[in-house]
Amino acid sequence: MITFQDVSKTFSGQIEAVKKLDFHVEKGEFFVLIGPSGCGKTTSLKMINRLVEPTAGTISIDGKDLRDFNRQELRWNIGYVLQQIGLFPTMTVSENIAVVPEMKKWGKNETKKRIDELLEMVDLDPGTYRNRLPDELSGGEQQRVGVIRALAGNPDILLMDEPFSTLDPISREHLQKDIAKLQQKIKKTIVFVTHDIEEAMQLADRICLMRQGEAVQIGRPEEFRNSPASGFVKKFVGGRGMDVWNAPASEVMETDSQHMVGETMIHAPSFPAPLYVFGDQRRFLGRLDPTGTVTTHDLLVSPERPLHEVVSAVEASEFDALPVVEGDKLVGVLSYRSIVAYIHAHRPERGLCRDGSGRRVFGSLRQSTRNTV
Ligand SMILES: Nc1ncnc2c1ncn2[C@@H]1O[C@H](COP(=O)(O)OP(=O)(O)OP(=O)(O)O)[C@@H](O)[C@H]1O
Ligand SMILES: [Mg+2]
């Protein structure tokens with residue numbers, strides 16, 4: 001459907017924004033362009049609807065060179081969701097959505113029907129929202145109107161430039177689900193730009209990861225996970241989400257746990273099972289059994305064991321908590337509770353990381369952006 005052949009763009013004769021991009025987007029495919037700030041994502045997108053002309057190479061749609069299209073018609077047939085929503089501020093929601101249908105000279109009734117249908121598709125009640133102005137909408141509502149405005153003229157291709165970037169994490173997740181559902185229904189060819197690797201992994205059929213104007217890897221999400229083409233890709237994809245599972249037991253364990261007790265305190269009431277007992281200088285003595293005697297306990301975790309192994313060990317054992325023993329000392333306990341708390345506290349910071357311009361970025365990406373900009 002959309003083909004890039006050796007496409008480059010140089011601004012002012014010196015800024016090489018895009019270098020020899022080569023890819024093919026299939027009809028109905030959800031294709032994601034991702035990469036650090038300034039790597040050429042928006043420039044690549046704008047070349048598809050000729051808001052920017054390539055300096056070299058050829059872009060074609062269904063085999064026809066873009067230069068052979070009438071530029072106006074091309075734009076009408078390619079929906080475009082801008083990086084900064086860009087609703088016309090003095091026009092109502094209906095008027096905003098109707099721009100392309102009117103240019104295409106649809107009848108009034110047909111346009112009105114289409115507007116209502118689109119508003120309903122993104123859960124905005126037409127009666128309530130049709131006549132509002134953009135600044136009478138929340139950020140998320142504006143983004144939704146931005147998306148359906150791009151769909152209004154029933155284009156075959158939809159270009160979306162970080163359409164959810166200004167949203168809070170909850171609205172963002174909501175809209176991500178909406179767009180995934182929408183795509184199943186409408187089966188447009190979508191080229192979607194994002195900074196967020198999780199978003200890309202969730203939505204994309206294929207991902208093109210860019211760096212300094214070049215494509216460093218193009219493939220399905222699982223290919224990025226399973227066979228990253230370089231250290232850069234690995235770092236980009238791995239992120240903090242992976243590191244959590246490699247955290248050593250010593251970082252995850254509770255050092256002051258209900259599941260551990262000094263031998264002199266054993267008689268205190270209501271300890272939970274299992275209860276691990278230490279003696280002088282925290283020397284590990286064993287587990288308190290139901291008869292009240294301390295028995296040996298062989299299933300020990302060493303402090304450097306990675307979390308993913310610890311989880312398997314806890315799961316395979318009959319105990320809800322395991323002792324972490326260093327040398328002969330009981331240094332902590334790994335319980336279901338501590339594992340869940342750790343994973344929760346260290347989950348990828350969806351919505352929490354923001355770059356200099358206030359844009360939300362993914363933890364790992366923030367790192368790579370810092371390195372390359
Ligand atoms: N009209 C322009 N004139 C000169 N340089 C430009 C122009 N548009 C973009 N650039 C430069 O081209 C490079 C790529 O910009 P582009 O907007 O494509 O990046 P991006 O990947 O979309 O970044 P971001 O994630 O920050 O939106 C940047 O170095 C940018 O400064
Ligand atoms: Mg951009």
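Biologist: Which residues have the most contacts inside the largest nonpolar core?

Modeller: This is a predicted model, in which local features need pLDDT of at least 70 and side-chain atom pairs count only at pLDDT 80 or more, whereas totals for chains, interfaces and linings use all residues; side-chain values use heavy atoms, without hydrogens and water. Residues are numbered from 1 along each chain as its sequence is written, with chains lettered from A and ligands numbered from 1 in the order in which they are written. A nonpolar core is a set of buried Ala, Val, Leu, Ile, Met, Phe, Trp, Tyr and Cys residues joined through side-chain atoms within 4.5 Å. The largest has 43 residues, and those with the most contacts inside it are Val-32, Ile-34, Ile-97, Met-160, Ile-179, Phe-192 and Ile-207.

Biologist: Which helix gives the largest share of this core?

Modeller: Helices (H or I, at least four residues) and strands (E, at least two) are DSSP runs, numbered from the N terminus. The largest share of this core is five residues, and they come from helix H6.

Biologist: Is Asp-116 buried or exposed?

Modeller: Asp-116 belongs to helix H4, residues 108-121. Beyond its neighbours within four places in sequence, it contacts (heavy atoms within 4.5 Å) Pro-126 and Arg-130. Buried means under 20% relative accessible area, exposed over 50% and partly exposed in between (1.4 Å probe, protein chains only). The relative accessible area of Asp-116 is 15%, so this residue is buried.

Biologist: Which residue in E13 stands opposite Tyr-276?

Modeller: Strand E12 (residues 276-278) pairs with strand E13 (residues 284-288) in the antiparallel sense, over three bridges. Opposite Tyr-276 stands Arg-287.

Biologist: What is the distance from an oxygen atom of ligand 1 to a polar backbone atom of Gly-38?

Modeller: Of the 14 residues around ligand 1 (a heavy atom within 4 Å), Ser-37, Gly-38, Lys-41, Thr-42 and Thr-43 come nearest. A polar side-chain atom of His-195 lies 3.5 Å from a ligand oxygen atom, and a polar backbone atom of Gly-40 lies 3.0 Å from one. For Gly-38, the distance is 2.8 Å.

Key:
Two strands pair if DSSP finds at least two bridges between them. A polar contact is a pair of N or O atoms within 3.5 Å; within protein, one must be able to donate a hydrogen and the other to accept it, and residues adjacent in sequence count only if both atoms are side-chain atoms.
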